[in-house]
Amino acid sequence: MKAMVFSATGKPLQESELPVPHPSQGQILIRVHACAVCRTDLHVVDGDLKEPKLPLIPGHEVIGSVAALGAGAEGFQLGDRVGVPWLGYTCGKCRFCLSGRENLCESARFTGYTLDGGFADYMVADARYCFPVPERYSDVEAAPLMCAGLIGYRGLAAAGDAKRLGLYGFGAAAHIIAQVARHQGREVYAFTKPGDDKAQAFARSLGAKWAGSSDDKAPDLLDAAIIFAPVGALVPTALKAVDKGGIVVCAGIHMSDIPSFPYSILWQERTVTSVANLTRADGDAFLKIAPEVPVTTETHVYPLSAANQALDDLRAGRFEGAAVLQIR
């Protein structure tokens, strides 16, 4: 099979010919059809996330079909279409798993980071951590739902019932979650890099009540803000934008350091929190609501061999929405 392999920080992915993997106990072999390119993939290849499996096949927003079943694999049949998310394994025994917080499992493993992912013709995955894909979506359309959608949805849940919702960083996750938020009757305020008129127009086209620079003051105080951009300096910025009792949710796996800020902008019961990974319950809930909205995904398609270009374009912010590798 063909695969794009990451071997060391600072080196481009290498197009390689590798043996097709065999599914072990409880695993399924997946013929990959599409894999979205996530900012977390950038954090892996740029060295922001430490200790990845090496060599590594990145990619954790995978859509494919079941090509073979390992012994004991349940829930899917040959030919079924499946989605593979970031969370690839949990122990089921630690205090976090036993209390319904498998996203914090002490032995968790992650697709495209500590497990080989979907930048390849084939991959194996634990059948318990795969999802059936809603029929209304093509492979390319569905791929961003597997992380930008799932972890974005967990961030939205962490914002509670906030009516006025700010989204900082209007990329793949925000463009999906803005649609869910509008479906739920919330007002969306989109904050982008200064001068990014294109992203602001994109946000307004998806129903944002207001869109502007992260340096701008929104016309209304927010009830909550979700920070998707990996920029720690946005935390005090968002705190200043939320009303008393407001929530600031940090929704990325990696973020630059948060600068010090005066207690006065945290006072009056404002909250700063983060979301980590996802649970399978998050996936079930989001993949049920996505077709009801219905969520649409803005995608930019690349062949597998152009994975390095897709990563570079994402790094440089050359498109709105999500990059997707179309593999079959």
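Guide: Let us begin with exposure: a residue is called buried when its relative accessible area is under 20%, exposed when that area is over 50%, and partly exposed in between, using a 1.4 Å probe and counting protein chains only. With a relative accessible area of 45%, Thr296 is therefore partly exposed. Before we go on, note that this is a predicted model, in which local features need pLDDT of at least 70 and side-chain atom pairs count only at pLDDT 80 or more, while totals for chains, interfaces and linings use all residues. Residues are numbered from 1 along each chain as its sequence is written, and side-chain values use heavy atoms, with hydrogens and water left out.

Visitor: Where is the place of Thr296, and which residues does Thr296 touch?

Guide: Thr296 sits in the loop between α8 and β16, the latter spanning residues 299-303. Not counting residues up to four places away in sequence, Thr296 touches His175 and Gln179. Thr296 and Ile176 are 120 residues apart in sequence, and yet their C-alpha atoms are 7.2 Å apart in space.

Visitor: How many helices and strands does the protein chain have, and how should I judge its overall form?

Guide: The protein chain has nine helices and 17 strands. Along the principal axes, its C-alpha atoms fill a box of roughly 55 × 40 × 35 Å. Of the 328 residues, 54% count as buried, and among contacts between residues at least 6 apart in sequence, 69% join residues at least 24 apart.

Visitor: Which residues touch the most other members in the largest nonpolar core?

Guide: A nonpolar core is a set of buried Ala, Val, Leu, Ile, Met, Phe, Trp, Tyr and Cys residues joined through side-chain atoms within 4.5 Å. The largest one here has 101 residues, and those that touch the most other members are Ile28, Phe119, Leu167, Phe170, Ile226, Phe286 and Leu325. Apart from this core lies another, of 18 residues, among them Tyr189, Leu234, Leu239 and Cys250. Returning to Phe286, and leaving aside its neighbours within four places in sequence, we find Phe286 in contact with Leu145, Gly149, Leu150, Tyr153, Ile176 and Val180.

Visitor: How can I read whether a helix such as α4 is covered or uncovered?

Guide: We look at how many of its residues are buried and at what lies against them. Helix α4, residues 148-158, is mostly covered, with eight of its eleven residues buried, including Gly149, Leu150 and Tyr153. The elements covering these buried residues include β10 (164-168), α5 (172-183) and α8 (280-289). Helix α7, residues 234-241, is also mostly covered, six of its eight residues being buried, and its buried residues pack against β10, β13, β14 and β15.

Visitor: What should I look for in the backbone itself?

Guide: Most residues other than glycine have a negative phi, and most peptide bonds are trans. In this model, a cis peptide bond joins Leu54 and Pro55, with omega about -10°, and a cis peptide bond also joins Val293 and Pro294, with omega about -15°. Pro55 belongs to the loop between α1 and β4, whereas Pro294 is found in the loop between α8 and β16.

Visitor: Where does Glu269 lie, and is Asn277 buried or exposed?

Guide: Glu269, which has a positive phi near 60°, lies in the loop between β14 and β15 and counts as exposed at 70% relative accessibility. Asn277 likewise has a positive phi, near 60°, but its place is in the loop between β15 and α8, and Asn277 is buried, with a relative accessible area of 12%.

Key:
Contact means heavy atoms within 4.5 Å. Helices (H or I, at least four residues) and strands (E, at least two) are DSSP runs, numbered from the N terminus.
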